[in-house]
Each structure stands twice: as structure tokens, then as C-alpha cells.
Amino acid sequence: MFLASWIWGVAVILCCVSWFLLGRRRRRQGEPPLENGFLPYLGCALQFGANPLEFLKEKQKKHGHIFTCHVAGKYIHFLTDPFSYHALMRQGKHLDWKKFHFATSAKAFGHGSIDPAEGNTTENFHQTFIRTLQGNALDALVEAMMENLQYVMLQSRAPKLQSNTWVTEGLYTFCCQVMFESGFLTLFGKEFHSNNDKNLSSKQETERAHILNALENFKEFDKIFPALVAGLPIHLFKSAHSAREKLGEALLHKNLLKRDNLSELVTLRMFLNDTLSTFDDMEKAKTHVAVLWASQANTIPATFWTLFYLLKSPEAMKAATKEVQNVLESAEESISLDGKHISLNRKQLDNMPILDSIIKEAMRLSSASMTFRVAKEDFTLHLENDFYNIRKDDIVALYPQLLHFDPEIYADPLTFQYDRFLNEKGEEKTDFYRSGRKLKHYYMPFGTGIAKCPGRLFAVHEIKQFLALILSYFEIELVDSNVKCPSLDQSRAGLGILQPSNDVDFRCAARELFDYGQNKTITKGKLQLISLPVLSYFKRLTFSFGTRHSYRIMRKCNGTAFTDS
Ligand code: HEM
């Protein structure tokens with residue numbers, strides 16, 4: 001036993017030494033400074049993985065604005081000067097953005113290669129995404145999401161709400177359930193039921209159980225996603241593998257065809273799978289699992305951080321609530337818990353600069369995406385004032401969290417400032433500076449250049465809709481208003497928005513129950529058609545005259561404001 005370990009020990013040391021002497025890459029003239037790390041194959045992977053931001057800051061201090069790191073068998077050239085980002089995008093002809101994405105997607109989701117060069121499909125995936133997530137297609141997505149969010153918040157979760165008391169739960173759990181269920185219904189539609197079906201509500205319950213089951217599978221799979229991207233085979237993770245297969249089963253074309261209101265994205269992808277690819281049924285389904293993952297994995301934590309920071313900042317909460325009220329008033333929308341849903345279209349949602357700024361600021365603080373490009377050949381990378389030789393198959397990467405946390409660009413960068421992205425006129429602020437120069441790239445949670453996230457507009461609309469509805473329908477607060485901000489879970493660094501390392505308790509009550517919970521005169525039905533100005537007038541009257549008397553005054557002066565249901 002002792003002899004065996006001794007032999008193994010010597011073998012490992014010999015491997016390290018021979019790698020150190022023979023296998024290590026040597027920096028050639030004209031190449032960026034090189035960090036090989038101390039471990040064969042892994043190189044700097046462990047230090048990088050433990051805290052990428054700190055690691056890169058340290059190397060930036062040592063080497064300057066460009067350096068190369070050996071990470072898990074790859075050589076990555078990190079560009080850390082935001083003024084060179086543009087130069088990188090301009091030299092796209094030497095760089096491939098698809099190879100890495102295609103290989104990662106096939107490995108992680110288990111479908112065949114989606115690279116048209118490999119012959120399984122001729123679909124241009126990126127074009128499909130742009131066509132079905134932006135432009136006119138976005139209007140339909142926004143409309144469906146508005147409906148589904150309200151269905152989920154008010155109907156699907158109704159048993160929790162009807163207890164007339166505050167409900168306490170984890171904020172991340174809540175955001176996860178609401179966004180997953182609503183987003184799933186928006187992309188993949190609802191199981192077909194006739195409205196006059198006698199068992200409608202029990203069928204809806206069953207459908208909800210299916211979606212929540214899909215959420216459990218999604219979470220199980222998502223947990224090991226960083227390991228899959230790092231190259232580990234899914235067979236090492238038995239329960240995640242089985243979760244991915246179950247998600248695939250649920251999204252088989254034969255099951256999707258039983259659903260109503262499929263989004264244009266999913267309908268078109270089904271058609272293209274059937275006409276342009278040679279994928280078998282399960283592989284087709286797995287391309288839908290990839291879309292499901294892309295649509296949820298970042299949106300859920302982004303929604304959490306936005307709501308968390310909003311709840312932590314009374315100033316932000318006040319400004320956001322006012323903006324939502326103003327938009328609802330000018331859209332002549334009213335709040336009711338009795339089935340008439342609020343409807344805000346894309347244009348109305350676009351007119352909410354305060355919510356935009358809050359969402360941007362929350363994502364600035366929580367995003368750790370990474371932009372990769374693979375060198376197609378040996379070439380010279382020209383930056384602003386200098387140039388570097390890059391070898392074929394090396395990776396050139398940007399890590400925008402360096403930019404997001406740069407105190408020269410964002411004063412006091414670790415603090416949430418809800419109006420950071422607003423100018424003096426209260427409109428979107430776009431001028432950010434470094435060393436006295438205006439930056440073109442200052443905010444990049446969605447990546448940049450040709451591969452920029454095609455779902456970014458939908459994502460921001462979804463979060464805005466979620467916030468607008470929460471602020472309209474619910475009274476909401478953190479259980480402990482002094483709770484510390486959870487730290488960022490670094491295991492997903494490089495993949496997008498980081499999750500919180502722990503959940504935070506919050507409580508909420510339906511707003512009507514909160515405002516009028518003790519009031520026997522005004523019941524739910526009677527509030528149905530009250531518009532926001534009427535509501536605030538009523539609140540003021542209540543304060544001065546008491547509820548019953550105010551109700552009488554209101555009936556006299558604005559009879560049409562109430563229904564008699
Ligand atoms: C806060 C939410 C989101 C964030 C932060 C985010 C971020 C990103 C990033 C960083 C990329 C990679 C870009 C690159 O490689 O340079 C990406 C790709 C992608 N995202 Fe998003 N995303 C979000 C939401 C969404 C949503 C809601 C959808 C769809 C409904 C979506 C669909 C996609 C797709 C399909 C790709 C792959 C594009 C391609 O390879 O052609 N994303 N996203």
C-alpha cells in the first residue's frame with residue numbers, strides 16, 4: 001500500500017517536472033505576457049475559478065492591460081482595457097464566436113452539433129433567435145408574458161394569497177417560481193383546455209404541477225452547468241443527467257403539439273428542426289432545452305437582484321412605485337384582483353426610465369459574463385496603441401465585471417445607486433468616462449458584438465413587467481430590513497448573472513388586503529374598477545373621514561368608479 005502510494009507520488013512529480021521542462025508554453029516575441037500556472041493541464045484554473053475578478057485584477061496589476069492565462073488546457077488572452085473592446089470587435093474576421101458556443105451547447109444539452117459545417121442542420125440559429133425574440137415578435141412575447149405573470153401571481157399562487165395575512169417566503173424561491181412558470185408558459189404555451197371544461201381548475205392545477213416539476217429538473221441540471229461548460233461529462237452527475245432527460249421528454253415535439261399559444265420562437269424552431277435537420281426526436285427536444293435554459297438561467301437571478309435592491313432601498317422603492325403609478329394612470333389601467341388583468345404594451349413599458357436604471361444597476365452589480373472569441377489562424381491583434389501576436393485556437397476574452405466594478409467609471413462601485421443610469425433630465429444616461437475619455441462599452445451583462453444576447457430586450461421587459469405588477473398588486477417588504485446583501489456565488493462566473501449564495505426572507509400581502517383588510521364595507525369585487533387616481537383620493541378620504549363615510553362620499557361623487565358585484 002505504502003509502496004503503491006509512493007510510486008504514484010513519484011509519477012505525479014515526474015509528470016509535473018516534465019511538463020514544467022518540456023510541455024509548458026513559452027512566450028514568443030510579440031505575444032502578451034504569459035501566466036502558465038503551476039499545474040499541468042489545469043494551469044491557473046483553480047485560482048481563476050476561486051475568484052475570477054480578484055485573479056484578473058491581480059494579473060492586470062502585474063502585467064498591464066493584456067495578458068495570457070493557461071486555463072484548463074486553453075490559452076486565454078484577457079483584454080482588460082475597455083477602450084480595446086472595440087478593436088477586438090473590429091477584427092472579427094480572424095476570430096470565431098460560434099465554435100465555442102456550438103461545442104458548449106452540444107456538450108451541455110446533449111444534442112448533435114448545431115454547426116452547419118458538420119452537416120446535422122442548416123439552420124442559422126442566431127438568425128432564428130433574432131427573428132423571433134426582437135422586432136414585431138417581441139410585442140407578442142411581451143403581451144403573453146404580461147398575461148402569464150398575472151395568471152401566475154394572482155391565480156396560480158392564489159391559495160397562498162387568500163389567507164388574508166402576510167405570506168413569508170424566500171425571495172429567490174419566489175422569483176424563481178414566478179419567472180420560471182410565467183416564462184415557460186410564454187415560450188411553450190399552455191396545455192390545451194376548453195374554457196367551458198368543467199374540470200378546468202383541476203387541469204390547471206395538474207399543469208402547474210408539471211411546470212413546477214420541470215423547474216425542479218431545471219434547477220438540478222443548472223447546478224452542474226458550470227462543470228459541463230468546463231468539459232466534464234454529464235454521466236458523472238447521475239441526477240442532473242436524469243433531470244436533463246426529463247426536461248427533454250417534456251419538450252418532445254409530440255408533447256409540444258398538445259400545447260396552445262406556443263411562441264413564434266418555439267413554433268419556428270420546431271419547423272426548422274423538422275425541415276432542416278437530421279436530429280432524432282430527443283435531439284430536437286434538447287435544442288428546446290437549450291432555449292429554455294438560455295431564457296431562464298440569467299433572468300431568474302437578475303429578477304432576484306433587482307427586487308432585492310429595490311426592497312433594500314426606500315428611495316428606489318418610492319421612485320419606482322411612483323413611476324409605475326404614473327404609467328398605469330396614463331394607460332388608464334386599473335388594479336383588480338378579480339380577473340381583469342393590467343395590460344401594458346411594449347411602448348408603455350419602454351417609458352419607464354427609473355425601472356430601467358434600477359434593473360441596469362442590479363445587473364451591473366451581479367453580472368459576471370465573459371465574451372469569448374477563438375482565433376481562426378495565427379494573426380496580429382491590433383489594439384489602440386500596440387499590437388500582439390495571437391496563435392491559432394487561442395481564445396481572446398473580455399471579462400466585463402472588471403469594467404462594472406471600476407471605481408473610475410462607477411464611483412463607489414459596490415454600492416447600489418438606483419439612479420446611476422439616469423441623467424439630470426431623468427432620462428437614460430449614456431455618458432460614462434475613464435481617464436477623461438467617453439466610453440463606448442461601459443455596461444455589458446448581455447455580451448457584445450455579433451453574439452450579443454438576442455433575448456436581452458425581452459429579458460429587460462420581463463423583469464420590468466414583474467416589478468410593475470409586484471408594486472401594483474402587493475405590499476412587500478424584507479422580513480429583516482437590515483439583512484446583509486448575500487454574496488455572489490462565484491461558481492457560475494463567466495456564465496452570466498451570478499446567483500446569491502443564500503436566500504433572503506421577505507413577506508408580501510395582496511395590496512388590497514393590506515389597505516382594506518379590516519374593512520367590511522369594501523370587498524374585493526367592489527374594488528374592481530377603481531382606477532389609481534380614484535384609489536389615492538379614497539385613501540386620503542379614509543384618512544380624514546374613516547372608511548365607511550368615505551365610501552359613501554365616493555359613491556356620490558364618482559358612482560362609476562365602483563361595480564356592484
Ligand atoms: C437577464 C437576462 C439575460 C442575460 C444577462 C443574458 C445574457 C446572455 C449572454 C451574456 C449571452 C452570450 C453572449 C455572447 O456570447 O457574447 C447570451 C446568449 C443568449 N441568450 Fe441571453 N441573457 C438573458 C436573457 C435571455 C432571454 C430571456 C433569452 C430568450 C428568451 C435569451 C436567449 C439567449 C440566446 C438564445 C443566446 C445564444 C445566442 C446565440 O448563440 O446565438 N437570453 N445571453
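Which hand, left-handed or right-handed, does the crossing of α14 and α15 have? The model is predicted: local features need pLDDT of at least 70, side-chain atom pairs count only at pLDDT 80 or more, and totals for chains, interfaces and linings use all residues. Residues are numbered from 1 along each chain as its sequence is written.

**View 1. Helices α14 and α15 pack with a right-handed crossing.** Helix α14 spans residues 264-276, and its axis lies 10 Å from that of α15 at an angle of about 150°. Axes are lines fitted to C-alpha atoms, for helices over the stretch in contact, and angles run from 0 to 180 degrees between N-to-C directions. The two helices are therefore roughly antiparallel (a term for angles over 145 degrees). A crossing is right-handed if the near helix is turned clockwise from the far one by less than a right angle, and left-handed if anticlockwise. The contact involves L265, V266, R269 and N273 of α14 together with K284, T287, H288 and V291 of α15; residues are in contact if their C-beta atoms, placed from the backbone, lie within 7 Å. Helices are DSSP runs (H or I, at least four residues), as are strands (E, at least two), numbered from the N terminus.

**View 2. Helices α12 and α15 are roughly perpendicular to each other.** Helix α12 (residues 238-250) packs on α15 at an angle of about 105°, with the axes 8 Å apart; roughly perpendicular covers 65 to 115 degrees. On the α12 side, the contact is made by R244, L247 and G248, and on the α15 side by M282, A285, K286, V289 and L292.

**View 3. K107 and N298 carry a UniProt "binding site" annotation from an unreviewed entry.** Such annotations may be inferred rather than shown by experiment. K107 belongs to helix α5 (residues 98-109), whereas N298 sits in the loop between α15 (281-296) and α16 (299-312). K107 counts as partly exposed because it has 17 C-beta neighbours inside 10 Å, and N298 counts as buried because it has 26. A residue is buried with 20 or more other C-beta atoms within 10 Å of its own, exposed with 12 or fewer, and partly exposed in between. Leaving aside residues up to four places away in sequence, N298 touches G496 and I497.

**View 4. C453 is another position that UniProt (unreviewed entry) lists as "binding site".** C453 lies in the loop between β14 (437-438) and α21 (456-473). With 18 C-beta neighbours inside 10 Å, C453 is partly exposed. Apart from residues up to four places away in sequence, C453 touches F446 and G447.

Notes:
Contact = placed C-beta atoms within 7 Å. Parallel < 35°, antiparallel > 145°, perpendicular 65-115°, else oblique.
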